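Have a look at it first, and then read on.

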Amino acid sequence: MTTTQRRPEEQGLPFNVFAKACPSRGTLEHVTGRWGALTLGALYEGSLRFNELRRRVDGVSEKMLSQTLHALERDGLVHREAQLTNPPRVDYELTPLGHEVAQRLLSLIRFVEGSMDAVLEARERYDDTRGAR
């Protein structure tokens, strides 16, 4: 077995996202889930207040955005800054780690967006052969 074919634990890696008890799996779920990926992507260009972020991530509920932000903050990807003003102001921005993750996600997002013609054609072929659902 070559180095790239060996299991992560055989390579001395401390985490293995494929192991159900590994904490990296939860972070991967937070990052790659619909709302996590969109939230990280939306914050890539800079700090946003909660409602600005909610408008940017079209379709997310207040509850889901709040839960997503809490998870991403706990994972060290998003920084929350509350300012003691009247009314209170809370801004969200990416941490350096969050910025790196968002940069990688945005590459994937742009690839998917650029591939949509092929995806839509594939869907059409699939539906034609299996009957539209």
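1. A definition to begin with: the expected span of a helix is 1.5 Å times one less than its number of residues. Helices (H or I, at least four residues) and strands (E, at least two) are DSSP runs, numbered from the N terminus. Helix α5 has 19 residues (96-114) and should therefore span 27 Å, which agrees with the 27 Å between its end C-alpha atoms.

2. Please keep in mind that this is a predicted model, where local features need pLDDT of at least 70, side-chain atom pairs count only at pLDDT 80 or more, and totals for chains, interfaces and linings use all residues. Residues are numbered from 1 along each chain as its sequence is written, and side-chain values use heavy atoms, with hydrogens and water left out.

3. For an overview, the protein has 6 helices and 3 strands, in the order α-α-β-α-α-β-β-α-α along the sequence. Of its 133 residues, 26% count as buried (under 20% relative accessible area; exposed is over 50% and partly exposed in between, with a 1.4 Å probe and protein chains only).

4. Which residues of α5 are buried? They are G98, V101, A102, L105 and L106. Seen down the helix axis, these fall within an arc of 145°, so they line one face of α5 (the arc is that of the directions from the axis to the C-beta atoms). An α-helix has 3.6 residues a turn, so residues three or four places apart point the same way. On the other side of α5, the exposed residues are P96, R104, L108, R110, F111 and G114.

5. The buried residues of α5 pack against α1 (23-32), α2 (34-43) and β3 (89-94). In α2, A37, L40 and G41 meet V101, A102, L105, L106 and I109 of α5 (contact means heavy atoms within 4.5 Å). By class, this contact has 7 nonpolar, 1 polar and no charged residues (Ala, Val, Leu, Ile, Met, Phe, Trp, Tyr, Cys and Pro count as nonpolar, Asp, Glu, Lys and Arg as charged, and the others, Gly among them, as polar).

6. Helix α2 also meets α4 (residues 62-74): W35, G36, T39 and L40 in α2 touch M64, L65, T68, L69 and L72 in α4. Here the classes are 6 nonpolar, 3 polar and no charged residues.

7. Finally, is α2 mostly covered or mostly open? It is mostly covered, with 8 of its 10 residues buried, W35 and L43 among them.
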